[in-house]
Amino acid sequence: MNRICRFTVPASRDLESIMDYIADRSGFDAAESFLDRINDKCQTLSKFPSMGRNRDESIENVRSFPIDDYLIFYNPIETEIEVLRVVSGYRDLENFFSE
């Protein structure tokens with residue numbers, strides 16, 4: 001069963017910030033390439049929602065999947081994948097989710 005991949009407002013803001021950062025450092029084409037990889041990964045996660053790492057230690061029913069130096073945090077729901085956040089894997093994730 002293919003689910004729909006939906007981005008929350010915080011996840012959309014995360015992506016905008018990441019794309020701005022990549023575009024400033026490496027150019028617009030690199031930012032576009034990163035967005036394409038995110039979209040491809042989300043399509044894969046919508047087909048195989050259990051692929052990611054279970055993150056119950058941070059938030060119940062949340063999973064994560066790496067892409068480059070970032071992590072996609074998502075919640076597999078009955079008919080969709082809800083992308084909650086896209087954050088740097090170098091962040092202090094324990095404190096990030098307690099905020």
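This is a predicted model: local features need pLDDT of at least 70, side-chain atom pairs count only at pLDDT 80 or more; totals for chains, interfaces and linings use all residues.
Biologist: Good to know! In what order do the strands of the sheet lie?

Modeller: The sheet is open, has five strands and shows mixed pairing. The order is S1-S5-S4-S3-S2.

Biologist: How many bridges join S1 to S5, and which residue is the bridge partner of cysteine 5?

Modeller: S1 and S5 run parallel, and four bridges join them. Along this pairing, arginine 6 stands opposite glutamate 82 in S5. For cysteine 5, the bridge partner in S5 is isoleucine 81.

Biologist: And on the S4 side, which residue of S5 pairs with tyrosine 70?

Modeller: S4 and S5 run antiparallel, joined by seven bridges. They form a hairpin, with three residues between the two strands. The bridge partner of tyrosine 70 in S5 is serine 88.

Biologist: Now the helices, please. At what angle do H1 and H2 pack?

Modeller: Two packed helices are described by the angle between their axes and the distance between those axes. Helix H1 (residues 9-26) and helix H2 (residues 28-47) have axes 7 Å apart, and H1 passes H2 in a right-handed crossing. The packing angle is about 145°.

Biologist: Which residues meet there, and how many of the contact residues are nonpolar?

Modeller: From H1 come Leu15, Ile18, Met19, Ile22, Ala23 and Ser26, which meet Phe28, Ala30, Ala31, Glu32, Phe34, Leu35 and Ile38 in H2. The contact includes one polar and one charged residue. The number of nonpolar residues is 11.

Biologist: Is leucine 15 buried or exposed, and what is its relative accessible area?

Modeller: Leucine 15 has its place in helix H1. Setting aside residues up to four places away in sequence, leucine 15 touches Phe7, Phe34, Leu35, Ile38 and Val86. Leucine 15 counts as buried because its relative accessible area is 9%.

Biologist: How far apart are leucine 15 and leucine 35 in space?

Modeller: Leu15 and Leu35 both belong to the residues that meet between H1 and H2. In sequence, leucine 15 and leucine 35 are 20 residues apart. In space, C-alpha to C-alpha, the separation is 7.9 Å.

Biologist: Last one: which residues touch the most other members of the largest nonpolar core?

Modeller: In soluble globular proteins, nonpolar side chains tend to be buried together. This core has 18 residues, and H1, H2, strand S3 (63-67), strand S4 (70-76) and strand S5 (80-88) each give two or more of them. Isoleucine 38 is in contact with Phe7, Leu15, Ile67, Ile72 and Val86, leaving aside its neighbours within four places in sequence. The members that touch the most others are Phe34, Ile38, Ile72, Val83 and Val86.

Notes:
Residues are numbered from 1 along each chain as its sequence is written. Side-chain values use heavy atoms; hydrogens and water are left out. Axes are lines fitted to C-alpha atoms, for helices over the stretch in contact, and angles run from 0 to 180 degrees between N-to-C directions. A crossing is left-handed if the near helix is turned anticlockwise from the far one by less than a right angle, and right-handed if clockwise. Contact means heavy atoms within 4.5 Å. Ala, Val, Leu, Ile, Met, Phe, Trp, Tyr, Cys and Pro count as nonpolar, Asp, Glu, Lys and Arg as charged, and the others, Gly among them, as polar. A nonpolar core is a set of buried Ala, Val, Leu, Ile, Met, Phe, Trp, Tyr and Cys residues joined through side-chain atoms within 4.5 Å. Buried means under 20% relative accessible area, exposed over 50%, partly exposed in between (1.4 Å probe, protein chains only). Two strands pair if DSSP finds at least two bridges between them.
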